[in-house]
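Here are some quick notes on the aromatic side chains, with the model open next to you. Have a look at the rings first, then go through the points.

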Amino acid sequence: MEKEIQKKTQGITDMTCGNPLKLILAFAIPMLIGTLFQQFYSMVDTVMVGKYLGVNSLAAVGSTGAIFFMVNGFVIGNTSGFAIPIAQKFGAKDYSEMRKYTVNAVYMGIFFSVILTAVVCLLTRVILIATNTPTEIIDEAYIYIIIVFAGIPVMYLYNLTASIIRALGDSKTPLYFLIVAALLNIVLDIVSIQVMGLGVAGPAYATVVSQLVSGILCVIFMKKRFHILRTDDGERKISMIHIKILLSMGIPMGLQYSITAIGSVILQAAVNGLGAITVAAVTAGSKISSFCVAVTDALGATMATYCGQNVGAGKLDRVREGVKVATIIGIIYSAIVFILMIFIGGELPKLFIDASKTDVIEKARIFLLWNSGFYFALIFVNVWRNSIQGMGFPMFAIISGICEMFARGIVGFVGVKYFGFVAACMGSPLAWVIADIFLIPGFLYCLKKLGRVFGEKHTREEFQYE
């Protein structure tokens with residue numbers, strides 16, 4: 001029996017035992033590398049479109065960024081939410097229930113991918129017009145994004161399978177497949193643009209195909225490596241009980257990502273009204289900042305799996321310890337980045353801006369100082385919010401997302417109008433602080449509630465309905 005269990009759990013990391021610091025670092029580092037690789041690939045892709053297709057094509061692809069972020073964010077949040085009950089049941093060693101959640105998560109992934117694809121594709125041109133896409137680039141923008149949105153089922157394929165793999169404690173394998181997909185995407189970009197002459201449609205097809213390949217690789221890996229996921233006929237049935245819990249996790253997390261994106265769109269629209277110099281400075285600063293906050297993103301994603309498994313096992317002490325460790329790591333990192341920005345914050349923008357543009361570089365430096373000075377607040381947003389999600393309280397995620405949207409919206413509609421560039425610098429920091437005011441007591445409330453549930457010896461199903 002022991003050998004059979006070992007065979008079924010081969011390749012899976014149990015985060016309910018062992019040193020929390022070592023477990024968190026071992027899980028977070030591959031996710032960090034993956035995030036950085038995605039950022040690098042995004043930059044290369046943008047450069048290639050601009051170099052080979054021209055400014056208008058670059059603007060067309062860039063103009064779709066906001067709506068893509070909202071849709072892709074929903075997919076990522078939705079699938080991450082579906083994976084939480086899987087992580088909890090794995091932590092509880094209830095492998096039959098874990099498989100039932102996995103199967104029904106696949107059913108829900110198929111359902112959402114079909115519905116979302118139909119709705120988004122029907123509304124794409126309307127959305128482009130509503131977001132004031134310039135007439136000279138709207139046709140190319142539509143061609144690019146409609147192809148990408150037609151591939152929403154592929155987005156679900158990769159993100160759901162990767163989320164399930166991570167829920168079982170493996171963050172390395174999705175990284176490997178992500179690297180393969182990114183490299184393939186770059187090659188397909190070159191071929192589709194320079195050899196096939198497909199224009200902006202080329203990078204769109206490249207994105208869909210590369211995600212399809214990575215999704216298929218994840219499926220093959222799961223079937224061959226994770227014997228614990230092999231189901232019998234009874235476990236493959238549609239279960240409304242399991243679907244209800246999956247939806248209670250997946251929908252709020254998906255909406256949280258999309259709602260946060262809405263706030264960013266409002267703020268960006270306000271910044272656009274401050275002139276080209278400010279827009280260039282904020283764009284450069286945001287690019288640099290996206291690399292810097294990759295650590296906080298990786299820590300947050302790690303804590304969703306870590307807390308999910310440990311709540312499933314009923315080990316709240318390990319939840320507290322893990323959150324404490326991740327928060328300390330993040331705060332130390334934030335302090336180091338802020339100190340570095342004081343000394344080199346004026347040099348980093350030169351990676352994107354000609355050194356002669358001193359006014360743009362100075363504004364970018366100020367933007368970076370304001371943002372890095374509040375990375376400690378972002379640590380709480382990512383670590384504590386993802387921990388709450390992993391603990392089984394997804395509605396807290398959407399409320400914190402609303403807090404962020406509200407803060408960015410106020411800055412966009414009011415702050416930038418009266419205080420200009422300084423308000424633009426404070427948009428994200430204020431959003432993080434407002435979210436923290438809700439999240440910190442929220443996390444303590446969730447711990448207390450789970451403590452009562454486990455203390456009263458309720459089943460672990462019960463707290464998921466409360």
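Before the points, one cut-off: a residue is called buried when its relative accessible area is under 20%, exposed when it is over 50%, and partly exposed in between. Bear in mind that this is a predicted model.

1. Overall count. Searching the whole structure turns up 10 aromatic pairs. Each such pair of rings is described by how far apart the centres are and by the angle of the planes.

2. Phe177 and Phe221. Here the ring centres are 6.2 Å apart and the planes sit at 75 degrees, so this pair counts as edge-to-face.

3. Phe374 and Phe376. This aromatic pair is stacked, with 6.0 Å from centre to centre and 25 degrees between the planes. Phe374 has a relative accessible area of 23%, which means it is partly exposed. Phe376 comes out at 39%, so it is partly exposed as well.

4. A cluster. Which residues do ring pairs link into a cluster? They are Phe74, Phe82, Phe111 and Phe112.

5. Charges over rings. Arg125 lies over the face of Tyr142, at 4.4 Å from the ring centre. Lys363 is placed over the face of Phe421, and there the distance to the ring centre is 5.1 Å.

Note on methods: Residues numbered from 1 in each chain as written. Predicted model: local features only at pLDDT ≥ 70, side-chain atom pairs only at ≥ 80, totals over all residues. Heavy atoms only, no water. Phe/Tyr/Trp six-rings, centres within 6.5 Å; stacked < 30°, edge-to-face > 60°. Buried < 20%, exposed > 50% of the residue type's maximum accessible area, 1.4 Å probe, protein only. Lys NZ or Arg CZ within 6 Å of the ring centre and 35° of its normal.
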